[in-house]
Amino acid sequence: MSYALRPTKILHTLISSPSILRSDRKWVSRISRKDPPQVPNFPKELLSLFNNGPNGRKHPSYEFTLVSALKSCSSLLAISQGEQIHSLALKSGLDSNVFIQNSLINLYVKCGLIEKAHYMFNSCLVLDSASWNTLILGYVKLGRLENASKLFDEMPNRDCVSFTTIIMGLAQNDKFFEALEIFKEMRFVGVNPNEVTLASVISAYSHLDGIHNGGMIHTLTIKAGLEGFTLVSTNLIHIYSICSRLDDAKVIFDEMPEPNIVTWNVMLNGYSKAGHVDLARDLFEKIPARDLVSWSTMVDAFVREDRLDEAFITYREMVHSGFRPNEVLVVDLVSACGRSMNINEGQQLHCVTIKMGLDFYVFMQATIIHFYAACRKMDLAHLQFELGCKENVSSWNALVAGFVRNNMVDLARKAFNSMPERDVVSWSSMISGYVQIGRSDLALQLFHEMLASGIQPNEITMVSILSGIADSGSLDQGKWVHDYILNNSIPLNDNLTAGLIDMYAKCGSINDALEMFYRIRDKVSSVSPWNAIIFGLAVHGHADMSLRVFSDLQKTHIRPNSITFIGVLTACCHAGLVEPVERHFKCMKRDYNIEPNIKHYGCLVDLLGRVGRLEEAEKLIESMPMKADVVIWGTLLAACRTHGNLEIGERAAASLARLEPAHGAGRVLLSNIYADAGRWDEVFLVRSAMQYQGVEKLPGCSGVA
């Protein structure tokens, strides 16, 4: 008789043989040596049942022992022993027992033998809900949703587990709409959901239309009496957080008796993504037992708001607490150092990547190249490129983008031409470089080469092309690009929409710009399109309309930024609106906590100069928190020429000469002020000094034929 058919030896093997413990090293390595997992030691009297012939096999404990042994084999992934028990069940005539059948299906599912599980399923004369649900779950875990859905459709009596399993599988595979349709069917046939069902449904809503249905699903949760489950509450907090309804999320969080670490991290992430760093920090301090996700989220919150000092303090505390940073956190910190040009901290992090062995990863190599390029250290960026892997396109792209960032467009083109392969990022970076140096003609030429090579442009490519066309003022080319975007179904994100509005405005078609804006204004989620139309209307002299659009913006949930106020102040400046410009200038800091930069001060100086309030303009320049540049002193000097103020004009010219001794336009303006005042001796001195120093005023030019 075969060993596989000898009952006593089989059970002795299951109970005493160490071979089970060696059958799968994956789980053995995770278990303490002092307490290794074993198949339960069945009572010795039960062993005799296998040798007692038909009488023993009729004993109720016999079937229970088989089911228990199969369950243990499933837990331990002990497929060899499980198959022996399957043989024993066949010999004992118990293969038609529904509990043993389901245990065998579960064994094969757990061990990844889905085809054997399905064969077992098909051979069963009697099937119950557990049979169907086990096999459906097996297919779901393997990602074979078509098989799972087919079984689900064939299942005669679906229960909560059936619906939940298929909903969970669809949601986990990004089939959110299909998951919600199954949930609607579940509700229609009267099957009540459980906490796992609602957790999956909430997750699906968060990826689709959660901003409108978050409240609805919350209500359903309360009606079902499932709001007390941590899993459900955590998912509700998540959906409210991504919809920027943090007050609602915090109410749920505060009502939870014992939130787990996942819940704490979800709430923390909500504050972080919304930019509420101080609230995030307060919550972080209260977390009873922080994990790596908690620390990483807090560091990321500071990084997002460019509060790098606090980010690095938190990072060091994390390391001192015994947590090892992961690659995502290191990339975030290195990238932040690049944005702030913090070379010292960035180089320390570079050392960390080497110690952790992360510098061999292509994504880390590209990040380091980007960092050195952002810090104007192209020699180090190029060295990192030479030391790294040159077979991956991301490192090449980082090098090309670095040259472009540092205005080394010729070197960027040389690297671009040497690339073994190019993707859309490569082409977009090079096109952006040409736009950056004012060569929109070369940018458009390269764009057409890109199309000819079969590379499909993306939104970033089109934004650069539109910027180049806006600078050239070619409305016909702009309309062609707009048609290309529509005909090729390139997604109109906020930046691309802003680029189209800006292009139409700068090419002289403000009506097309307005039409574009009003078509998308209720769909945008960022301030960029608003900024484009506010500034476009301002430079076209439509100050009232520009300010009305700004007023409309203030009524939305979108927050104005620094660029918004440049457009608003420009509108006031062009219309000579002194009181409104002073009011908006003050509200920047008071209402939006935006510190005015030199461009905002420049708008105010320009307006005061236009209306003849030169003393106020000069005092404003002297009170600025930053040093005035050539543009501001030149603006004041031009205003002095317009209003004939010789005294302030001389001081402005002197300040301008100190900043840029070879500034010919300033000398000419001063000379004209003297001429207007009839002081010809000074005119002669200024002109003679210009000739002696070789200072020339560059002649004006026009791009209009």
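## A walk through the helices and the core

Start by selecting helix H19: its buried residues pack against helix H17 (246–255), helix H18 (261–273) and helix H20 (292–304). Helices here are DSSP runs of H or I with at least four residues, strands are runs of E with at least two, and both are numbered from the N terminus. Contact means heavy atoms within 4.5 Å.

Before going further, a word on what you have open: this is a predicted model, where local features need pLDDT of at least 70 and side-chain atom pairs count only at pLDDT 80 or more, while totals for chains, interfaces and linings use all residues. Residues are numbered from 1 along each chain as its sequence is written, and side-chain values use heavy atoms, with hydrogens and water left out.

Stay on H19 (residues 277–286) and colour Val277, Ala280, Leu283 and Phe284, the buried residues of this helix. Look down the axis of H19: those buried residues fall within an arc of 125°, so they line one face of the helix. (The arc is taken from the directions from the helix axis to the C-beta atoms.) On the other side of H19 you'll find Glu285 and Lys286, both exposed. Buried means under 20% relative accessible area, exposed means over 50%, and partly exposed is in between, using a 1.4 Å probe and protein chains only.

Next, select Ile217, Leu333, Ile533 and Leu636. Of the 206 residues in the largest nonpolar core, these four touch the most other members. Domain 1 (497–596) and domain 2 (602–693) both give residues to this core, so it lies between them. Such a core is a set of buried Ala, Val, Leu, Ile, Met, Phe, Trp, Tyr and Cys residues joined through side-chain atoms within 4.5 Å, and the domain bounds come from an automatic or database domain assignment.

Zoom in on Ile217. Leaving aside residues up to four places away in sequence, Ile217 touches Phe183, Leu198, Val201, Ile202, Tyr205 and Leu236.

Now jump to Ala78, in the loop between helix H6 (60–76) and helix H7 (79–92). Is Ala78 buried or exposed? Ala78 is buried, with a relative accessible area of 1%. Draw a C-alpha to C-alpha distance from Ala78 to Leu107: the two are 29 residues apart in sequence and 8.7 Å apart in space.

Last stop, the cysteines. Cys124 is buried at 10% relative accessible area, whereas Cys351 is partly exposed at 43%.
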